[in-house]
Amino acid sequence: MDLMHAIKNRRSIRRLKAEPVNNDLVDTVLEAGRWAPSWANTQCWRFVVVRDALMRGKVAETISPGNPATDAIRNAPVTIVVCGELGRSGYKKGAPTTDKGDWYMFDTALATQNMMLTAYSLGLGTVAIGSFDASKVAELLGVPSNVRVVLLLPLGYPVEEPTPPRRKELSEIVSYDRY
Ligand SMILES: Cc1cc2nc3c(=O)[nH]c(=O)nc-3n(C[C@H](O)[C@H](O)[C@H](O)COP(=O)(O)O)c2cc1C
């Protein structure tokens with residue numbers, strides 16, 4: 001699939017089928033995450049693949065009330081929980097090297113975008129879910145204290161084809177030579 005086509009046509013899919021997703025497809029999505037760029041190739045991301053329906057239900061309960069993506073976790077056969085190990089990305093000899101501190105959010109985002117685009121290219125739907133109680137999910141999944149739960153990524157076959165939300169024009173977001 002043409003990359004620009006995938007970038008423009010991938011949508012957040014909040015209505016996903018319960019239909020199983022083949023392990024090979026899930027592995028291909030994870031493989032795309034694995035090959036993302038990262039700070040000094042530190043690869044701080046960790047992915048927890050949640051298939052168990054009971055656990056998916058518990059994870060869905062951590063999502064903020066009214067979040068439109070809640071059912072995606074309940075319905076989709078797989079949720080990838082994207083985590084980041086702290087103190088690696090942007091760090092040298094145990095200390096942050098820039099004014100941004102820990103870059104784990106950045107690196108996990110790059111891996112997540114790779115996975116979302118790959119899922120789309122395979123005919124699968126995803127939605128990035130950031131609004132949930134990450135510490136509860138960490139507890140449920142036994143995530144160690146040096147690792148943060150960043151994002152929930154349900155993965156399944158799409159039921160809907162949402163219209164693209166408007167993007168700002170380049171003229172609104174790009175400047176040349178000065179801000
Ligand atoms: C970091 C991040 C967190 C998000 N969290 C949520 C969320 O909690 N619930 C939800 O329904 N959508 C969530 N989204 C999806 C955005 O609402 C969506 O990407 C945006 O509206 C653009 O729509 P599109 O993905 O279809 O292009 C999140 C997206 C990102 C990148």
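I looked up Glu-85 to begin with and found it buried at 11% relative accessibility (buried is under 20% relative accessible area, exposed over 50%, partly exposed in between, with a 1.4 Å probe and protein chains only). This is a predicted model, numbered from 1 along each chain as its sequence is written; local features need pLDDT of at least 70. Side-chain atom pairs count only at pLDDT 80 or more, totals for chains, interfaces and linings use all residues, and side-chain values use heavy atoms, without hydrogens and water.

**Salt bridges**

I checked the partner of Glu-85. Its side chain meets that of Arg-46 in a salt bridge, 2.9 Å from N to O (a side-chain nitrogen of Lys or Arg within 4 Å of a carboxyl oxygen of Asp or Glu). The two sit 39 residues apart, Arg-46 in strand S1 (residues 45-50) and Glu-85 in strand S2 (residues 78-85). Helices (H or I, at least four residues) and strands (E, at least two) are DSSP runs, numbered from the N terminus. Arg-46 is partly exposed at 39%.

I counted seven salt bridges in the structure. Lys-136 pairs with Asp-133 at 3.8 Å, N to O. Lys-136 is partly exposed at 46%, and Asp-133 is partly exposed at 27%. Arg-166 bridges to Glu-172, with the closest N and O atoms 2.9 Å apart. Arg-166 is exposed at 60%; Glu-172 is partly exposed at 46%. I also noted a network: salt bridges with shared partners join Arg-46, Glu-85 and Arg-88.

**Ligand**

I turned to the ligand and found 14 residues around it, the closest being Arg-11, Ser-12, Arg-14, Asn-67 and Arg-167 (near means a heavy atom within 4 Å). The shell holds six nonpolar, four polar and four charged residues. Here Ala, Val, Leu, Ile, Met, Phe, Trp, Tyr, Cys and Pro count as nonpolar, Asp, Glu, Lys and Arg as charged, the others, Gly among them, as polar.

I then read off distances. A polar side-chain atom of Ser-12 lies 2.6 Å from a ligand oxygen. A polar backbone atom of Ala-128 is 3.0 Å from a ligand nitrogen. A backbone N or O atom of Gly-130 also lies 3.0 Å from a ligand nitrogen. The protein covers 63% of the 630 Å² of accessible area that the ligand has on its own (Shrake-Rupley method, 1.4 Å probe; for residues, only the protein chains shown count as cover).

**Surface**

I ended with Leu-170. It lies in helix H7 (residues 170-173) and is exposed at 61% relative accessible area.

Key
A polar contact is a pair of N or O atoms within 3.5 Å; within protein, one must be able to donate a hydrogen and the other to accept it, and residues adjacent in sequence count only if both atoms are side-chain atoms.
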